[in-house]
Amino acid sequence: MTTLVRDAPARDNQVAQDSVLVLDFGSQYSQLIARRVREAKVYCELVPGGISADEVRRRAPRGLIFSGGPASVYDAGAPRPDPAVYELGIPILGICYGMQLLARDLGGEVQPATRREYGHASVNVDDDAGLFERLPRELSVWMSHGDIITRLPDGFRPIAHSLNSPCAAFAGPSGRFGIQFHVEVAHTPLGKDVLRNFLMNVCGCAGTWVPASFIEMAVADIRMRVGDGRVLCALSGGVDSAVAATLVHRAVGDQLTCVFVDNGLLRRGEGDRVVDVMSRQRHINLVHVDATNQFLEALRGVVDPEEKRRRIGRTFIRVFEEQARSLGDIGFLAQGTVYPDVIESTSHDTGSAQTIKTHHNVGGLPEDLRFTLVEPLRYLFKDEVRAVGSALGLPEDMVWRQPFPGPGLAIRVIGEVTAERLETLRAADWVVIDEVKRSGLYRKVWQSFAILTPVSSVGVMGDFRTYANVVAVRIVESEDGMTADWAKVPYDVLGVISRRIVNEVAGVNRVVYDISSKPPSTIEWE
Ligand code: XMP
């Protein structure tokens, strides 16, 4: 796949003074550690476990956290840090596998435990050592390990024990600590306090970072990188691209041009809302391209979901490319890539520079249209992007918009997509969103939408027999879209949605509610 990067983006562009690096050794909880650190108001990034000591020095973090990981430290090929990292004198907190790495690398010994320890456990604190300051002597924790430390390196001492781990936590010189349990998970209720003690007491962090303080940093960074160059940004109607564009606009004003390709597959009123907010209210240069006909033409006769996606992607590239060329010499492309995208595409094992995930919308542009990427949100989590959006004054409905798939309503009109069927779906979808908002559920659920099924059913309206479309309603709860459960929405809300759709949407005489979870179903029907 073609990437659009001409120069690799500076990776330290948004690192605040008080920052901490989490070295990722493959734990499923690594991202969660980064989140918890930021919740303690300390800026934090997740980096590959093998990051070089030079790179760490360049970033000048106040502390390092070694994550857990699935391997055993004595496995051949088990991931480990650059040994020179230990010579930097930066405080280190090792969690689980990270703890064993510390112990072993610094001269201690780790062995398989005779009794493995998984799940809830109780840990007794023997010495607070700054790490357990103001915490009870007995902590309820979450354990998940099969190895134990049998000998500590010289100068280290155990500071807590559990039934199966004589050394459930240790302390050593230069602010080095190891803990056998997972402080980052909710099952360790006081875990965030242990982490906070490490950040504040051991690393000396001030704890003043908030997503809004990121704005100043990001604006200065964009100015420095872009200079007097011109920036292009594709708006999708979603929160990420809107926040990215607003930040870039704050930094470089009219040097930014946004292109909004209306593919005719958005929900009711969404296209107008983008133009209204970005152009009329915020005075951002905006090129609004109504490409509805091109997309509908490309989708004519197509029923296969993946073929729909391919054609939509290709059509987008064609339209966007045409606009980009007509705008003349533009050197930079701003994208709303957010942190989870970056983490997914990071090459953890090599510790090398990051692979940039090519945005499906702009992948494959020709040579002469290659841009230097500007990705101001690349270290933010979704909720932080929302906080930044609010701090920038974007309207609530835009900031809190539920996730919406790139191919839009095309994958919610099951079967062939036509202008008429899109209109039917749009009207039904409007009712779903309206009622979900009215009942106060909109922000509590992950997504709520309508699907136009290819099924017709018999009904009776007044004295007449009808034979019309069946609409499905899908409302799901989810943390991240990877797994999901159908939302147990009150019957009266579902009742109103059904009644309104049948009464207000011509051509629909039946509404069903989707009660499937993911897996085995997916959130979208196509
Ligand atoms: P599924 O249907 O796979 O969806 O359970 C998981 C999440 O991803 C969204 N989704 C997409 N987003 N392009 C996108 O940008 C797509 O082709 C696409 N397909 C699904 C979906 O809305 C849900 O939030």
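User: Let's start with Ala129. Is it buried, partly exposed or exposed?
Analyst: This is a predicted model. In it, Ala129 counts as partly exposed because its relative accessibility is 21%, and the cut-off for buried is under 20%.

User: Where is Ala129?
Analyst: Ala129 sits in the loop between β5 (109-125) and β6 (138-151).

User: New topic: α9. How many residues does it have?
Analyst: Helix α9 covers residues 305-326, which is 22 residues. From first C-alpha to last, α9 reaches 32 Å, close to the 32 Å expected at 1.5 Å a residue.

User: Which residues of α9 are buried?
Analyst: Among them are Ile312, Thr315, Phe316, Val319, Phe320 and Gln323. An α-helix has 3.6 residues a turn, so residues three or four places apart point the same way.

User: What covers the buried residues of α9?
Analyst: The cover includes the strands β10 (231-235), β11 (256-262), β12 (285-290) and β13 (332-334), and also the helix α8 (292-299).

User: How do α8 and α9 pack?
Analyst: The angle between α8 and α9 is about 145°, and their axes are 9 Å apart. The crossing of α8 past α9 is right-handed.

User: Which residues meet there?
Analyst: From α8, Gln294, Phe295, Ala298 and Leu299 take part, and they meet Lys308, Arg311, Ile312, Thr315, Phe316 and Val319 of α9. By class, the contact of α8 with α9 has 6 nonpolar, 2 polar and 2 charged residues.

User: What comes just after α9?
Analyst: Gly328 is there, with a positive phi of about 85°.

User: Back to β11. Is Phe260 buried or exposed?
Analyst: Phe260, which is in strand β11, counts as buried because its relative accessibility is 0%.

User: What does Phe260 touch?
Analyst: Not counting residues up to four places away in sequence, Phe260 touches Leu235, Ser236, Leu266, Gly271, Val274, Val275, Leu286, Val287, His288 and Val289.

User: And how far is Phe260 from Asp290?
Analyst: The two are 30 residues apart in sequence, and their C-alpha atoms are 8.5 Å apart in space.

User: What kind of peptide bond runs from Lys518 to Pro519?
Analyst: The bond from Lys518 to Pro519 is cis, with omega near -15°. The bond joining Pro519 and Pro520 is cis too, with omega about 10°. Most peptide bonds are trans.

User: Where are those prolines?
Analyst: Pro519 is in the segment after β18 (508-513), and Pro520 is found in the segment after β18 as well.

User: Last one: how is the chain divided into domains?
Analyst: The division gives domain 1 (17-202), domain 2 (211-399) and domain 3 (412-513). The centres of domain 1 and domain 3, taken over C-alpha atoms, are 48 Å apart.

Definitions and conventions:
Residues are numbered from 1 along each chain as its sequence is written. This is a predicted model: local features need pLDDT of at least 70, side-chain atom pairs count only at pLDDT 80 or more; totals for chains, interfaces and linings use all residues. Side-chain values use heavy atoms; hydrogens and water are left out. Helices (H or I, at least four residues) and strands (E, at least two) are DSSP runs, numbered from the N terminus. The expected span of a helix is 1.5 Å times one less than its number of residues. Buried means under 20% relative accessible area, exposed over 50%, partly exposed in between (1.4 Å probe, protein chains only). Contact means heavy atoms within 4.5 Å. Axes are lines fitted to C-alpha atoms, for helices over the stretch in contact, and angles run from 0 to 180 degrees between N-to-C directions. A crossing is left-handed if the near helix is turned anticlockwise from the far one by less than a right angle, and right-handed if clockwise. Ala, Val, Leu, Ile, Met, Phe, Trp, Tyr, Cys and Pro count as nonpolar, Asp, Glu, Lys and Arg as charged, and the others, Gly among them, as polar. Domain bounds come from an automatic or database domain assignment.
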